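Please open the model in your viewer and keep the selection tool at hand. We will go from one stop to the next, and at each stop you will read what to select and what is there.

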Amino acid sequence: MKNLDRLFAPAFIFSLICACSSGGESTRPELPDPTVGGAGATGSENPDGTADPLTPGGPAGSGGSANGEGVNPDIPLTGNTAGGGNTAGSGNTAGSGGSGPTNDLPAFVAPTSPDPDIFTGAPQSLRQAGTLTERLIGTAVRANRLNNETYTTAAREFSYVTPENEMKWDALEREPGVFTFANGNRIVQFAEANHMLVKGHTLVWHSQIPAWVRAMTTRDEALTAMERHITEVVGHYKGRVHAWDVVNEAFTDGNNSRLRGADPNDVNDPNNSNGNNGPDSPFRRLIGEDYIDRAFTLARAADPDALLFYNDFNTEGTNAKANAVFNMVQSMKQRGVPIDGVGLQMHINASGGVTAQQLTQNIQRLTGLGLQVVFSELDVTLCGNADIAERRQQQKTRLAEVTKACTDNPLCTAITFWGIADNDSWRNSTCNGGGSEPLLFDTTYQRKDAYFGVFDTLVTAGAATP
Ligand code: G3I
């Protein structure tokens, strides 16, 4: 039996029954086709090995119930506190202009499929390999892809989802006080139907904000807007979203990393990074440095059980920006600001960049503050001059080493990839005449070597997990 309680805030107590093999096998078992839905469940009740455990609606898994909740009432997927946690309507600001019934988040419905994390035998998916070592394995998803069965079947490899764009400010509150939750709701419902948790992304960010937010001119306006946004959004998803990226990418790059918007020369244009000054944050510029403390406090008040993260990129190691983030979260902890963890985005490359040792050091100092660390947007591009086969091998090795850096630390609790297949990736730009191939599945949703860099490392770590 594995127990993931430590990953969760109280309402998300997540006891995970796992009669699974911890994977010391010398040869990897054949995995089911990630693009083919089928009946079935893993483990001893599926002796013929023909079933696809990724498809909901198949017969019960090793837990012996058609519904994992029947076996273990503490199963997380609900993220629901008692009573169903349906906060439908909370996000519809009265008089806001009729965002309509699709804004209501339907009440939580327990999934009818077996819980894939209850299994015997060898793991058959990334999430099952993650279960062995008590980690959530996540992916970014897009609402407009959820009607594609190949996509959703592959998505069931994961136990954790982050909406790629659907919970950003410009998606949720395009006009002041008018909230549009339909796409975010679809992702939450998809996750719940498939025993997955949701990470909300992101409440306060200088990018992907509507023009009216960028046009604000006073502190009062910005405070009012930020308070309404956080309260409405977190309130809407209360009990249904496990964790939030509360503040995203607040720091500038470079050797003098500091909060964006702290310098009047910062550029009021999200698409222009302009050297060290970088894009402006209207929140820092108008509210002041305490906008971050305030954002976390508002989020905690709106859902006391959601985990609250600070999230940033190029902060994986021990450079000036990573140090600035560390200093900030250390101060927040010392002052009692409600923060639970730090997301290291991990948009990295197959060679160069942060070393495994630097990553390990950073994870250690952050978790030393009592914070969780998650890899929140992992992808690994393989641009370079070496032969493509060599670069793919480098990518696999890189993924194995960063996965190990996480599984080596008990407070590194989740690894989320920024998409499923290469062609879904925001980073799949052309390099050396080919794509940068940053993700774990190829363009036909077949598992790549990169996948096994992660899978095998999780299985090995699981074998060492008591
Ligand atoms: O919303 C419009 C839509 O109306 C229009 O039809 C469509 C046409 O191309 O564009 C849509 O907007 C795009 C949006 O994604 C939603 O699909 C934007 O052009 C596009 O720039 C945007 O890209 C996103 C990017 O953030 C923007 O910063 C990527 O999908 C998303 O993967 C990426 O994610 C961020 C994380 O949130 C934070 N960390 C870094 C990462 C990359 O910036």
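This is a predicted model: local features need pLDDT of at least 70, side-chain atom pairs count only at pLDDT 80 or more; totals for chains, interfaces and linings use all residues.

Residues are numbered from 1 along each chain as its sequence is written, and side-chain values use heavy atoms, with hydrogens and water left out.

Begin with the cysteines. A disulfide is a covalent bond between the sulfur atoms of two cysteines; here the term is applied to a pair of cysteine sulfur atoms within 2.5 Å, and the structure holds 2 of them.

Select Cys-383 and Cys-431, whose sulfur atoms lie 2.4 Å apart in a disulfide. Cys-383 sits in the loop between β12 (372-381) and α12 (388-407), while Cys-431 belongs to strand β14 (residues 430-431), so this pair ties together parts that are 48 residues apart in sequence. Such labels follow DSSP runs numbered from the N terminus, with helices (H or I) of at least four residues and strands (E) of at least two. Cys-383 counts as partly exposed because its relative accessibility is 39%, whereas Cys-431, at 7%, counts as buried. The torsion about their S-S bond is about -95°, so the disulfide is left-handed.

Next, select Cys-406 and Cys-412, which are joined by a disulfide with an S to S distance of 2.1 Å. Here the torsion about the S-S bond is about -105°, so this disulfide is left-handed. Are these two cysteines buried or exposed? Cys-406 is buried, at 0% relative accessibility, and Cys-412 is buried with a relative accessible area of 0%.

Now move to the ligand. Which residues come nearest to the ligand? Of the 13 residues around it, they are Glu-164, Lys-168, His-201, Glu-249 and Glu-377.

Zoom in on His-201, where a polar side-chain atom lies 2.6 Å from an oxygen atom of the ligand. Then select Gln-208, which has an N or O atom in its side chain 3.3 Å from an oxygen atom of the ligand. Finally, at Glu-249, a side-chain N or O atom is 2.8 Å from a nitrogen atom of the ligand.

Notes: Buried means under 20% relative accessible area, exposed over 50%, partly exposed in between (1.4 Å probe, protein chains only). A residue is near a molecule or strand if one of its heavy atoms lies within 4 Å of it. A polar contact is a pair of N or O atoms within 3.5 Å; within protein, one must be able to donate a hydrogen and the other to accept it, and residues adjacent in sequence count only if both atoms are side-chain atoms.
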